[in-house]
Amino acid sequence: DEKLDADIAQLQHDWAKANYHTAKDAQEAAFRSLSEQAHQITASHVNAPETMIWEAIILSGYAKAKGGLGAIKSAEKARDLLFAAERINPEALQGSVYTTLGSLHYKVPGWPIGFGDKKKAQAYLEKALQINPTGIDPNYFYADFLSERGENTKAIGYYKKALEAPARAGREDADAGRKQDVEAGLRNAEKNG
């Protein structure tokens, strides 16, 4: 579906712009407006897991930019969209359902505030790596998760795999930004390893 592909490409570029090229104090507004746009796109492509995943990724960015308790609602909405996308096609967008569920589960606080759960996070991230073992995102998020747990030596290997990930056509902006995340994570892991 050409319209679907064009809409997804637009969301991907707008996300990269909001995430990597927007000043920190302007990110919340950028992600809020982008999440409304993503919601419209999801509504116009009924049952397309790709749009659900992108709306969830954008809501996750919004939650991160917003911070505090207000962010939990956006994170919950993102999680529910990912569960819906998983029911339709768990392998859509190279397993991005699991990469995103994994990152949400280790970044969101645990009970009683949020649904964060380190065990579930690990299981989701490992599932993402099974589907897309060479991808930059699953390797980066798994490395970041390991670093947060103090497993820096193990994390270094995944950061290095993320740096070797094949380029994604049409995602140069996101790849460039993610590579900076990976390099910062790797430096940190090597320093604390």
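How many aromatic pairs does the structure hold?

Reply: The model is a predicted one, and the structure holds eight aromatic pairs. A pair of aromatic rings is described by the distance of the centres and the angle of the planes.

Y142 and F145 are both buried.

Y142 has a further partner in Y158. The centres of these two rings lie 4.8 Å apart and the planes stand at 90 degrees, so the pair Y142 and Y158 is edge-to-face. This pair links distant parts of the chain, since Y142 is in helix α7 whereas Y158 is in helix α8 (residues 152-163), 16 residues apart. The two tyrosines also fall into separate accessibility classes. Y142 has a relative accessibility of 2% and therefore counts as buried, the limit being under 20%. Y158, with a relative accessible area of 22%, is partly exposed. Together with Y106, the residues Y142, F145 and Y158 form one aromatic cluster.

Helix α7 also contains S147. The relative accessible area of S147 is 17%, so this serine is buried. The side chain of S147 makes a polar contact of 3.4 Å with the side chain of N152. A polar contact of 3.3 Å joins the side chain of S147 to that of Y159.

Another aromatic ring, that of F115, is approached by a charged residue: R79 lies over the face of F115, at 4.5 Å from the ring centre.

The largest pocket has a volume of about 1,000 Å³. Its lining comprises 43 residues, of which W15, I57, S103, F141 and R178 are the closest to the centre. Helix α7 (136-148) is one of the elements that give two or more residues to this lining; the others are α1 (2-20), α2 (24-44), α3 (49-66), α4 (70-88), α5 (92-107) and α9 (172-192). The largest share, eight residues, comes from α5.

The residues lining the largest cavity are I136, A162, A165, P166, A167, D175 and K179. Five of these lining residues are nonpolar, none is polar and two are charged.

Some backbone features complete the account. In helix α5, L93 has a positive phi of about 50 degrees although it is not a glycine. L93 is partly exposed, with a relative accessible area of 29%. Q94 is likewise found in helix α5, and Q94, although not a glycine, has a positive phi of about 55 degrees. In the loop between α5 and α6 (118-131) is P112. A cis peptide bond joins W111 to P112, with omega about 5 degrees.

Technical notes: Residues are numbered from 1 along each chain as its sequence is written. This is a predicted model: local features need pLDDT of at least 70, side-chain atom pairs count only at pLDDT 80 or more; totals for chains, interfaces and linings use all residues. Side-chain values use heavy atoms; hydrogens and water are left out. On a 1 Å grid over the protein atoms alone, a cavity is a set of points where a 1.4 Å probe fits but cannot get out, and a pocket is an open set with protein on both sides within 12 Å along at least five of seven lines; lining residues have an atom within 4 Å of a point. Grid points are joined across faces, edges and corners, and a volume is the space filled by probe spheres set on the points. Helices (H or I, at least four residues) and strands (E, at least two) are DSSP runs, numbered from the N terminus. Rings of Phe, Tyr and Trp (its six-membered ring) pair if their centres lie within 6.5 Å; planes under 30 degrees apart count as stacked, over 60 as edge-to-face and the rest as tilted. Buried means under 20% relative accessible area, exposed over 50%, partly exposed in between (1.4 Å probe, protein chains only). A charge sits over a ring if NZ of Lys or CZ of Arg is within 6 Å of the ring centre and within 35 degrees of the ring normal. Ala, Val, Leu, Ile, Met, Phe, Trp, Tyr, Cys and Pro count as nonpolar, Asp, Glu, Lys and Arg as charged, and the others, Gly among them, as polar. A polar contact is a pair of N or O atoms within 3.5 Å; within protein, one must be able to donate a hydrogen and the other to accept it, and residues adjacent in sequence count only if both atoms are side-chain atoms.
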